[in-house]
Amino acid sequence: MFSFLSFGDWIYQSLLVRFLLSWYRFIFTTNYDSILPNEIITDILLRLPTKSLLKCMCVSKSWHQLISSPDFVNTHLKLNKHHTVLFPGYFENIRFCSLPPLFNKQQLTQELFHMDPPCSPPFFVGSVNGLICLFNRRRDTYIWNPTIKKSKKLLKSSWGTSRYTKYGFGYDDSRNDYKALFIDHCGNSCNGELSNLRVVVNIYSSRTDSWTTLHDQLQGIFVLNYSGKFINGKIYWAASTGIHDNNVRNIISFDVAGETWGSLELPICGEEVFNIKLGVVESELSVLYTCKPGTTSDVWILKDRRVNVSWMKQFTIEYPQYAVLYRFDLPIFTFSMYLRQSDKGEILLLIPGKIMIFDGSTKKFKHSAIVKECNTAEIYGESIVNPLTISCKSSV
């Protein structure tokens with residue numbers, strides 16, 4: 001479950017930062033060699049949010065080296081509980097917002113803030129470990145960390161040769177390797193129709209800082225949603241049987257470490273009765289079955305118990321009678337859902353251009369807010385991972 005930074009946690013972390021900075025100044029104005037053991041200092045620093053760590057990096061060379069070290073970065077990544085939500089825009093900006101204000105309709109418009117990405121207009125590929133993968137219309141691809149304001153432009157590749165390019169971004173923790181994946185559905189065009197459809201996949205690996213091209217992949221499968229969902233080492237997409245089939249037939253996956261494909265059956269069939277949409281609930285793969293017309297949605301979650309994988313229906317959310325779910329029936333878009341850890345236990349549903357809040361006990365709609373010129377929002381966990389040093393070649 002994602003955690004929210006409470007006011008008490010914020011006070012505690014602010015006091016920690018003040019204590020550390022005061023302690024450091026004291027050491028350098030006295031003759032003492034050491035006041036606190038290095039282990040304690042490291043433990044305190046690991047508890048700080050990312051933006052506070054950035055201030056601490058400016059204190060001294062030794063602190064900068066400690067906080068920049070791979071072991072510290074990886075440990076902080078696992079302990080960090082502060083998440084924000086990013087709203088990929090249609091045009092130049094990407095907007096960010098902390099999670100708590102999203103539950104408050106009045107606060108939302110005041111809390112959104114803009115950040116300029118390294119390319120324009122930015123197309124969102126995916127996000128993992130505080131890094132965001134983006135590309136522009138020229139097919140320039142970037143890995144960007146907006147928290148530390150650093151980005152890496154990737155080498156040019158041959159992806160993007162069709163109108164039907166799909167993509168994803170994931171992480172292989174066994175090799176510390178970030179991978180960007182681009183799927184091109186290519187064919188012969190005649191009178192606007194494609195024939196002899198074939199799939200070409202281009203994979204970027206940060207470990208080797210290079211691209212690999214694979215041909216004749218995913219025979220008889222057409223990927224529907226643009227951006228795949230990265231969960232537990234795999235990237236997932238909804239899929240159909242062909243370019244003219246817009247119904248979700250199954251779910252395909254790409255194992256980032258093994259670079260192998262897999263498939264999942266849907267919880268239940270019923271394309272004629274339901275709009276089926278792929279997404280994420282907290283950190284678990286999910287499918288939303290929305291009745292036609294859209295009055296309710298069943299939320300299914302994939303439970304991976306290692307021994308077996310199975311779908312479980314979690315709950316049903318209820319929309320207002322005349323709700324306008326703009327673009328909600330299009331399988332090319334995904335959704336994200338978060339469960340608030342509080343007495344109210346509210347449910348946050350993020351769909352293209354809209355935020356919807358549901359009562360945690362009744363699962364009925366409470367209120368919504370429009371986010372103009374925005375695709376489906378995505379969770380973003382802040383980090384100090386530097387995109388310029390994630391390649392093995394950069395450390396040589």
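R138, D140, K153 and K156 are linked in a network of salt bridges, a salt bridge being a side-chain nitrogen of Lys or Arg within 4 Å of a carboxyl oxygen of Asp or Glu. The model is predicted, so local features need pLDDT of at least 70 and side-chain atom pairs count only at pLDDT 80 or more, while totals for chains, interfaces and linings use all residues. Residues are numbered from 1 along each chain as its sequence is written, and side-chain values use heavy atoms, with hydrogens and water left out. A search of the whole structure finds 13 salt bridges.

**Salt bridges**

- D140 counts as buried, at 7% relative accessibility, whereas R138 is exposed, with a relative accessible area of 58%. Buried means under 20% relative accessible area, exposed over 50%, and partly exposed in between, with a 1.4 Å probe and protein chains only.
- D172 and R175 meet through their side chains in a salt bridge of 3.0 Å, N to O. D172 is buried at 2% relative accessibility, and R175 is partly exposed at 43%.
- K366 and E346 form a salt bridge of 2.6 Å, N to O. This pair links distant parts of the chain, 20 residues apart: K366 lies in strand β24, and E346 in the loop between β21 (335-339) and β22.
- K366 counts as partly exposed at 37% relative accessibility, while E346 counts as buried at 4%.

- Strand β23 covers residues 354-358, and five of the five are buried, so the strand is largely enclosed by the rest of the structure. Strands (E, at least two residues) and helices (H or I, at least four) are DSSP runs, numbered from the N terminus.
- In a regular strand the side chains alternate between the two faces of the sheet. Both faces of β23 are covered: K354, M356 and F358 are buried on one side, as are I355 and I357 on the other.
- β23 runs antiparallel to strand β22 (residues 347-351), to which five bridges join it. Two strands pair if DSSP finds at least two bridges between them.
- I351 has K354 in β23 as its bridge partner. The hairpin of β22 and β23 has two residues between the strands, and G353 takes a positive phi near 75° there.
- Five bridges also join β23 to strand β24 (residues 365-370), again in an antiparallel arrangement. Across this pairing, M356 stands opposite S368 in β24.
- The hairpin of β23 and β24 has six residues between the strands, and in it K363 takes a positive phi near 65°.

**Helices α2 and α5**

- Helix α2 (residues 38-46) and helix α5 (residues 70-79) have axes that come within 10 Å and cross at roughly 50°. Axes are lines fitted to C-alpha atoms, for helices over the stretch in contact, and angles run from 0 to 180 degrees between N-to-C directions.
- α2 and α5 are therefore oblique to each other. Angles under 35 degrees count as roughly parallel, over 145 as roughly antiparallel, 65 to 115 as roughly perpendicular and the rest as oblique.
- T42, L45 and L46 in α2 meet F72, T75, H76 and L79 in α5, where contact means heavy atoms within 4.5 Å.
- The residues of this contact divide into four nonpolar, three polar and no charged. Ala, Val, Leu, Ile, Met, Phe, Trp, Tyr, Cys and Pro count as nonpolar, Asp, Glu, Lys and Arg as charged, and the others, Gly among them, as polar.
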